[in-house]
Amino acid sequence: MLGKPPGHPDVRRRVGYLPEAPYFYDYLSAEELLNYFAGLFGLRGAARTARVSSLLDRVGIAGERRLPLRKFSKGMLQRVGLAQALLNEPELVFLDEPMSGLDPLGRRDVRALILELRDRGCTVFFSSHILSDAEALCSRVAIVVGGQLVTSGRLSDILAFEVSGWELVMTDLQPAALESLGSAARKVTRISEGRYTIEVGPEAEPERLVGGLRSRGGRFVSLNPVRTTLEDYFVQQVEARKTAPPAGRVMPEG
Amino acid sequence: MGRVIGLVAYHVFKESVRDKVLYNLVLFAVLMIGASYLIGQLTAGQDVKIIKDLGLAASSVFGLFIAVFIGVGLVWKEVDRRSVYNLLVKPVRRYEFIVGKFLGLALTLAVNIAVMAAALYAVLGLMTWLQPGLGKAAVEAPVMDPQLLKAFALLYVQLLVVTSVALFFSTFSGPMLSAAFTFGLYIVGHFNADLAHFDSVVKSQAAGWLGKALYYALPNLAPFDVKAAVVHGQPVSATYVALTSGYGLLYAGAMITLAVIVFSRRDFK
């Protein structure tokens, strides 16, 4: 790891880690904990104080810095965990379930933080059950099912981002208009009176289809391409392994 | 890497302070002052002995409880709560963690023993001040006997031995079992001398050898107890204190080395 054996102290100096269920010493406050760990990294004096306060601000718990950790909620502990993983300005960060225990705002903050780290040139390695986060953040993903690595690679290679069809929503459609679609429609779902969702295959030309329906009195609402998501891929991979236990997880790299 | 050891040690001390371990000192002070008042009714001279006896005994009991009950949790608690994972990914070597833990508790005990010694001297001083004739009545040993410090010093080294034993058990076993083992070894340690002469009471030579082997392997704690000698004014030589302390520190060092070996082999998954 980083050109040295994994346990080497020089490596640990350059790596950050957030454990899955972060328990820290609950007799300490957030600030004291960060000062302790910063000390272990050899930071001292003004540099340490500056680093600790900037991280407390960054993860949004500056207001609670003097509160003992035993009074912290799971989401707040998660934020402390993130802060302590970044104390040494690591080149490589391992985050075990960084989104767990966080509210939607917290998740958004963490996503922003991960992207910020990426922009700084830091490699972020995180595990998550929340596939949409992985899809939004990662350049490379690996899927682990039942403790076995199933697949890994660039997200763009895995999903190939091809359009597998179109989802068209229109209103004021007469039954005759629907019939005119014929075999082009893979699936037609009625949403309300006259309003339908029509799924068509990738070969259909959506412009022509919309034009045809409009000429029969239909009104256009929306047209969206259907892409394979990481979730689809994940389900596909898991089901491909009959013996695999239900719990799988994605270990993406940002 | 003394800085890391120092940080770990400092936080053990800080935790014990925040967990209100030092409150036992208040209990100690109340006990001493209360006792001195009650015993003040006895003959002059006798009361001084009883106060010294009581002060030393209470110090050793309180110290023993702190050493055992904090000692057995030092490593176990961190492993159990998984905080150790997060610590060991930092640039902390495993021996630094163990040695830091030991020194932290050693610091807590040092503060405790120092305050208790000071409290005992304070009570003795108070007694002298309240009963002006006391100095002449206490014939065996002076009231404010500096020898008491030797008793406290040996008590402290003994507690370091107990701490090292507790810490050793803490690296691979839960607190209940570790506390039971440590208390067991403490008691055995006080009767250890019998093992050395085991061969003279049993016929079997093998049993005699076993006794000898155990005598060297188990901690020998009886020599650390000089309460009776000090209270009755019998001299305790500086050489004796130094040699006994040397033995204690060597024993504690060996236990910590074992603890480091066990802890370094542990695979945390």
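Predicted model: local features only at pLDDT ≥ 70, side-chain atom pairs only at ≥ 80, totals over all residues.
The chain A–chain B interface buries about 2,200 Å², and helix 2 of chain A, with 9 of its 11 residues buried, has parts of chain B among its cover. Over all chains, a search of the whole structure turns up 16 salt bridges, and a few of those get a closer look below.

**Chain B overall**

- Chain B has 14 helices and 0 strands, so to read its pattern along the sequence is to read α-α-α-α-α-α-α-α-α-α-α-α-α-α.
- Its C-alpha trace spans about 65 × 55 × 30 Å along the principal axes.
- Of the 269 residues in chain B, 50% are buried.
- Take the chain B contacts between residues at least 6 apart in sequence: 82% of them join residues at least 24 apart.

**Where chain B meets chain A**

- The contact involves 21 residues of chain B and 21 residues of chain A.
- Carbon and sulfur atoms give 58% of the roughly stated burial, which is about 2,200 Å² between chain B and chain A.
- On the chain B side, Asn86(B), Lys90(B) and Pro91(B) lose the most area to chain A, and together they make up 27% of what that side buries.
- The interface has 2 salt bridges, along with 11 residue pairs in polar contact, both residues at pLDDT 80 or more.
- One salt bridge pairs the side chains of Lys14(B) and Glu32(A), at 3.4 Å from N to O.
- Helix 1 (2–18) and helix 5 (83–88) of chain B each supply at least two residues of the side that touches chain A.
- Helix 1 of chain B gives the most to that side, with 8 residues.
- Sorted by class, the chain B side that touches chain A has 9 nonpolar, 3 polar and 9 charged residues.

**Helix 2 of chain A**

- Helix 2 covers residues 30–40 of chain A, and 9 of its 11 residues are buried, so it is largely enclosed by the rest of the structure.
- The buried set is Ala30(A), Glu31(A), Leu33(A), Leu34(A), Tyr36(A), Phe37(A), Ala38(A), Gly39(A) and Leu40(A).
- The cover over these buried residues includes helix 3 (45–58) and helix 4 (74–85) of chain A, plus helix 1 and helix 5 of chain B.
- After helix 2 of chain A comes Gly42(A), which has a positive phi, near 90°.

**Salt bridges around Glu31(A)**

- Arg66(A) and Glu31(A) meet through their side chains in a salt bridge, 3.0 Å from N to O.
- Arg66(A) sits in the loop between helix 3 and helix 4 of chain A and Glu31(A) in helix 2, so this pair ties together parts that are 35 residues apart in sequence.

**Salt bridges around Asp133(A)**

- Asp133(A) is buried, with a relative accessible area of 1%.
- Asp133(A) forms a salt bridge with Arg107(A), and their closest N and O atoms are 3.4 Å apart.
- Asp133(A) is in helix 6 (residues 131–137) and Arg107(A) in helix 5 (residues 104–119) of chain A, so the pair ties together parts 26 residues apart in sequence.
- Arg111(A) also meets Asp133(A) in a salt bridge, here at 2.6 Å from N to O.

- Val210(A) is found in helix 9 (residues 206–215) of chain A and is buried, with a relative accessible area of 10%.
- Leaving out residues up to four places away in sequence, Val210(A) touches Leu168(A), Met170(A) and Phe220(A).
- Val210(A) and Phe220(A) are 10 residues apart along the chain, and their C-alpha atoms are separated by 7.1 Å.

Methods:
Residues numbered from 1 in each chain as written. Chains lettered and ligands numbered in written order. Heavy atoms only, no water. Helix = DSSP H or I, 4+ residues; strand = E, 2+ residues; numbered from the N terminus. Buried < 20%, exposed > 50% of the residue type's maximum accessible area, 1.4 Å probe, protein only. Contact = heavy atoms within 4.5 Å. Buried area = accessible area lost by both parts, 1.4 Å probe. Salt bridge = Lys/Arg side-chain N within 4 Å of Asp/Glu carboxyl O. Polar contact = N/O pair within 3.5 Å; in protein donor to acceptor, adjacent residues only side chain to side chain. Nonpolar A, V, L, I, M, F, W, Y, C, P; charged D, E, K, R; others polar.
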